[in-house]
Amino acid sequence: MWALQDARLADGSTADVVVEGDRIAQVGPGAAGGVPDAIDCAGKLLLPTFIDAHVHLDKVLIRDELREHDGTLAGAIGAIHERKRRYTAEDVRARARAVIEESVRLGTTRLRSHVDVDTIGGLTPLDGVLAAAADCSGIAEVQTIAFPQEGLLRDPGAYALMEAAVEAGADVVGGMPHWEVDEASQREHVRLCFELAERFDRDLDMHVDETDDGGVRTLEMVADEALARGFAGRVCAGHVCSLAAADHEYAERVIEKCRRAEISIAANPVTNLVLQGRGDRGLVRRGTTRIGELRAAGVNVLFGQDCVNDGFYPFGRGSMLEVALISAHAAHLTTRADLDFALRAITDAPARAMRLTDYGLRPGVRADLQLLPAPSWSEALRLQPMPEKVWFRGRLVAESSVQSVLHR
Ligand SMILES: [Zn+2]
């Protein structure tokens, strides 16, 4: 048993936290009294570690090896093909491991990664990410999503590989229906994904409508299928960019369906701010889904890193604090309530999307914690510090100290 004393919690209160084994045993003022191993937090901010529920670990850190392209989603997907053909499980493993380790240093200990499953790379990306997840199992927990990046109907053979991926250990069924060539194929893509999820009893986490074209409406297909098959609370839809460009009547209708189907929305403003709206002149669309309206309707909205230095996005470093800050800019989040929402979008919201029951900062949940050198959440968001300490399952897994000296 050990304890943290005089920690500032996100709500501004001060408390002690007692940890026993891999669990939080107690939270409250004076709870550490009598615990011999108590760390003095001196009023610094204690948070549960962040969750990145939307990242692509198989693609990370390949940017410099790709040919130049036009910067669009289609351009990036095409530019990656050649590199994907040359993937080896060891190459994917080393890159994924580097980003997992960096994420842990920066306060994230749970990740859910999409992994390409298609006839270009086969199951090599999955083998690599699963190996990296095993390498890092002592410092982080990584789930994988079988993701048909090249489509299911557009890429004959991908569906059989999706089945093999789930059998090989992918936790969640992915999808990308808007990538199919017409509406009938999109609908069939959605049906195939749900059928696979139903057969293997897996949740779904799909790429949905990552386009500026407001006429692309696979989100409604996903919501209808979730409602019809009783998948309430088991589906996450990522990106959902076209919702921002669609007419308000459709948006209202489909947001209500998402609320009823308890679909989580993974907004990824960090990537979509640079990827979408490229064809616009004058007022340029921002590519970000309707975060404000989804939030107002009570839909679970989370923020993901999505990409780290790959064909889609040249930046990113596995920092969910950075993701929250950029997303706050994209979604006009500035009031106190807004900043609390930004924190939830990288903590409780992804936990809910992943149906985690042992997450948070309360007795009984897993002791995945981080101590940040800031007096409050809003200051942590503004100043972007590295956590001083990160614990995973009650064990210290990362420490950092930064010293900056000014010479007059
Ligand atoms: Zn993505």
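Which residues line the largest cavity? In this predicted model, the lining of the largest cavity is made up of His 56, Lys 59, Leu 73, Phe 147, Gln 149, Met 176, His 207, Glu 210, His 239, Asp 306, Cys 307 and Phe 312.

**Largest cavity**

- The volume of the largest cavity is about 70 Å³, and the count of cavities of 30 Å³ or more comes to one.
- Sorted by class, the lining of this cavity comprises five nonpolar, four polar and three charged residues, with His 56, His 207 and His 239 among the residues that form it.

**Largest pocket**

- The largest pocket holds about 270 Å³ of space, and of the 13 residues that line it, those closest to its centre are Ala 10, Leu 47, Pro 48, Leu 343 and Asp 348.
- Two elements, β5 (45-48) and α12 (336-344), are the ones that give two or more residues to the lining of the largest pocket.
- In terms of residue class, the pocket lining divides into seven nonpolar, two polar and four charged residues.

**Helices α2 and α3**

- Helix α2, which covers residues 89-105, packs against helix α3, which covers residues 124-135, at an angle of about 45° and with the two axes 7 Å apart.
- The two helices α2 and α3 are therefore oblique to each other, and their crossing is right-handed.
- On the α2 side the contact is made by Ala 89, Val 92, Arg 93, Ala 96, Arg 97 and Ile 100, while α3 contributes Thr 124, Pro 125, Asp 127, Gly 128, Val 129, Ala 131, Ala 132, Ala 133 and Asp 135.
- Taken by class, the residues in the contact of α2 with α3 are nine nonpolar, two polar and four charged.

**Helices α4 and α5**

- Helix α4 (residues 158-168) packs with α5 at an angle of about 30°, and the axes of these helices lie 11 Å apart.
- Because angles under 35 degrees count as roughly parallel, α4 and α5 are described as roughly parallel to each other, and α4 passes α5 in a right-handed crossing.
- From α4, the residues in contact are Tyr 159, Met 162, Glu 163, Val 166 and Glu 167, and from α5 they are Leu 192, Glu 195, Leu 196, Arg 199 and Phe 200.
- This contact of α4 with α5 contains six nonpolar, no polar and four charged residues.

**Helices α5 and α6**

- Helix α5 (residues 183-200) also packs with helix α6 (residues 218-228), here at an angle of about 35° and with axes 10 Å apart, in a crossing that is right-handed.
- In this pairing, Glu 183, Gln 186, Arg 187, Val 190, Arg 191 and Phe 194 of α5 meet Thr 218, Met 221, Val 222, Glu 225 and Ala 226 of α6.

Methods
Residues numbered from 1 in each chain as written. Predicted model: local features only at pLDDT ≥ 70, side-chain atom pairs only at ≥ 80, totals over all residues. Heavy atoms only, no water. Axes fitted to C-alpha atoms, helices over the stretch in contact; angles between N-to-C directions. Helix = DSSP H or I, 4+ residues; strand = E, 2+ residues; numbered from the N terminus. Parallel < 35°, antiparallel > 145°, perpendicular 65-115°, else oblique. Left-handed = near helix turned anticlockwise from the far one by under 90°. Contact = heavy atoms within 4.5 Å. Nonpolar A, V, L, I, M, F, W, Y, C, P; charged D, E, K, R; others polar. 1 Å grid on protein atoms, 1.4 Å probe; cavity = no way out; pocket = protein on both sides within 12 Å on 5 of 7 lines; lining within 4 Å. Points joined across faces, edges and corners; volume = space filled by probe spheres on them.
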